[in-house]
Amino acid sequence: MAELGSKGVTAGKIASNVQKKLTRAQEKVLQKLGKADETKDEQFEQCVQNFNKQLSEGTRLQKDLRTYLASVKAMHEASKKLTECLQEVYEPDWPGRDDTNKIAENNDLLWTDFHQKLVDQALLTMDTYLGQFPDIKSRIAKRGRKLVDYDSARHHFEALQTAKKKDETKIAKAEEELVKAQKVFEEMNVDLQEELPSLWNSRVGFYVNTFQSIAGLEENFHKEMSKLNQNLHDVLLGLDKQYSGNAFPIKAQPRKKTKLFARLRKKMSSDSTPAKANKSPSPPPDGSPITSPETKTVNHELEPSTLEAPGASIPKSPSQPAEAAHAGAEAAGSEAAAGAEASKTEADSGSTSLPAVVVETFPATVNGTVEGGASSERADMPPGFLFKVQAMHDYTATDSDELQLKAGDVVLVIPFENPEEQDEGWLMGVKESDWIQRKELDQCRGVFPENFTERVQ
């Protein structure tokens with residue numbers, strides 16, 4: 001009998017809950033359709049908005065703090081492996097061997113202590129702070145349900161009072177249910193009205209304490225780590241003094257392309273060689289005197305075909321017979337004839353004219369970037385001057401097109417005449433002292449490794 005009674009109570013409670021859900025759903029539908037008024041509390045709604053914002057910000061802060069702790073842990077492991085590597089390569093007979101072992105041990109302890117204090121003073125505090133939100137969120141939702149119950153009971157009581165046929169028994173019962181629903185709602189509403197603003201204001205103190213703790217822990221950690229690093233620096237300085245003859249050389253980035261000035265010298269050499277066409281011609285069969293052709297200056301970078309117009313020809317000498325040009329014109333057609341007539345006129349006048357050569361100029365580039373220009377060229381600087389660098393280390397030139405540098409030398413960087421000549425990690429320039437004394441680029445400029453210098457202007 002007791003089991004049946006228990007089951008009966010459970011079944012009755014389930015039925016009551018189902019009925020409440022149906023009543024609430026019906027009330028919400030009527031409110032959305034505008035057929036039933038809804039109790040509004042704008043002040044409480046603002047508190048709920050603040051609560052949701054506070055929860056969102058706290059959740060994000062907790063996530064980022066966990067990410068930060070994971071990064072500290074990763075840095076601890078990386079630092080530990082690095083110090084272990086130093087211990088392995090540090091030979092037993094080197095000075096400061098015991099000191100390096102002690103530094104490595106203290107380094108590991110310092111990282112461990114830093115991580116643990118972050119957990120205790122930041123993460124656990126963060127978890128406690130967020131731990132109060134689920135309960136309040138649940139009470140806010142329950143308060144919303146009780147508000148719907150209160151509105152439903154109020155509408156039911158009002159409907160019975162305005163009915164044509166009044167049933168006093170139902171009205172009394174509806175009034176009793178309304179008073180009960182109102183009491184339950186107001187109790188929850190008053191508690192939340194007091195608690196939510198207090199929680200919202202507490203966020204300021206929490207943020208201050210949390211970030212002050214993190215900042216303080218970081219400050220102490222870096223102070224102690226700085227001391228360890230200084231100790232390690234002193235130990236390695238002692239090792240360096242004992243083995244000062246084995247200094248590690250700083251090397252320039254290798255140049256992959258053919259040396260720039262080597263190509264220029266080869267090109268100038270080929271340009272200065274007389275062409276076969278400029279040699280003295282053989283005497284003509286008719287015994288006429290030899291007339292030397294006029295010297296022609298040609299841009300060697302242009303192909304020979306660019307010196308002649310289509311269908312036209314340049315006479316080999318001013319004494320070339322006009323009939324030969326006329327015969328060539330008849331064989332080549334009307335277009336070639338026009339060119340031959342022009343050649344005849346030139347032969348009669350005893351002069352030879354060449355078509356104009358258009359020379360294009362391009363902006364200077366360094367590492368593929370257009371720099372400089374008319375505005376950057378100064379009267380006291382070499383043409384195309386870009387910026388100044390100062391040598392931080394000595395550099396011994398390994399080829400004739402490279403600059404010899406001493407630490408402290410100032411170099412005026414200029415663009416390569418041909419950007420394709422520039423190797424990665426190398427710059428073109430002239431030492432400032434050479435430029436001031438000689439003002440000549442051709443004999444002073446050269447290439448140098450960029451990693452041996454730093455920009456000063």
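Tutor: First, a word on naming: helices are DSSP runs of H or I with at least four residues, strands are runs of E with at least two, and both are numbered from the N terminus. This is a predicted model, so local features need pLDDT of at least 70 and side-chain atom pairs count only at pLDDT 80 or more, while totals for chains, interfaces and linings use all residues. Residues are numbered from 1 along each chain as its sequence is written, and side-chain values use heavy atoms, with hydrogens and water left out.

Let's start at H156, which you'll find in helix 4. H156 has a relative accessible area of 42%, so it is partly exposed (under 20% is buried, over 50% exposed, partly exposed in between, with a 1.4 Å probe and protein chains only). L178 is 22 residues away from H156 along the chain, yet their C-alpha atoms are separated by 8.6 Å.

Now look at the helix itself. Helix 4 (residues 133–161) packs with helix 2 at an angle of about 150°, their axes 12 Å apart (axes are lines fitted to C-alpha atoms, for helices over the stretch in contact, and angles run from 0 to 180 degrees between N-to-C directions). Helix 2 and helix 4 are therefore roughly antiparallel (over 145 degrees; under 35 is roughly parallel, 65 to 115 roughly perpendicular, the rest oblique). Their crossing is left-handed, meaning the near helix is turned anticlockwise from the far one by less than a right angle, with clockwise giving right-handed.

Staying with side chains, the charged end of R143 sits over the ring of F44, 3.6 Å from the ring centre (NZ of Lys or CZ of Arg within 6 Å of the centre and within 35 degrees of the ring normal). You get another such contact where R203 lies over the face of W200, 3.7 Å from that ring's centre.

Rings also meet rings. Searching the whole structure turns up eleven aromatic pairs (rings of Phe, Tyr and Trp, the last by its six-membered ring, with centres within 6.5 Å; planes under 30 degrees apart are stacked, over 60 edge-to-face, the rest tilted). Take W94 and Y243: the ring centres are 6.3 Å apart and the planes are at 55°, so this pair is tilted. W94 sits in the loop between helix 2 (42–89) and helix 3 (97–131), and Y243 in the loop between helix 5 (168–242) and helix 6 (260–272), so the pair links distant parts of the chain, 149 residues apart. W94 is partly exposed at 22% relative accessibility, and Y243 is partly exposed too, at 32%. Elsewhere, ring pairs join F51, Y129, F133, F206 and Y207 into a cluster.

Four of strand 4's five residues are buried, so the rest of the structure largely encloses it. For strand 5, six of its six residues are buried, with W426, M428 and V430 on one side and L427, G429 and K431 on the other. Strand 5 also runs antiparallel to strand 6, joined by four bridges, with L427 partnered by F448.

One last stop is K439, in the loop between helix 9 (432–438) and strand 6. K439 isn't a glycine, yet it has a positive phi of about 55°. At 44% relative accessibility, K439 counts as partly exposed.

Terms used:
Pairing = 2+ DSSP bridges.
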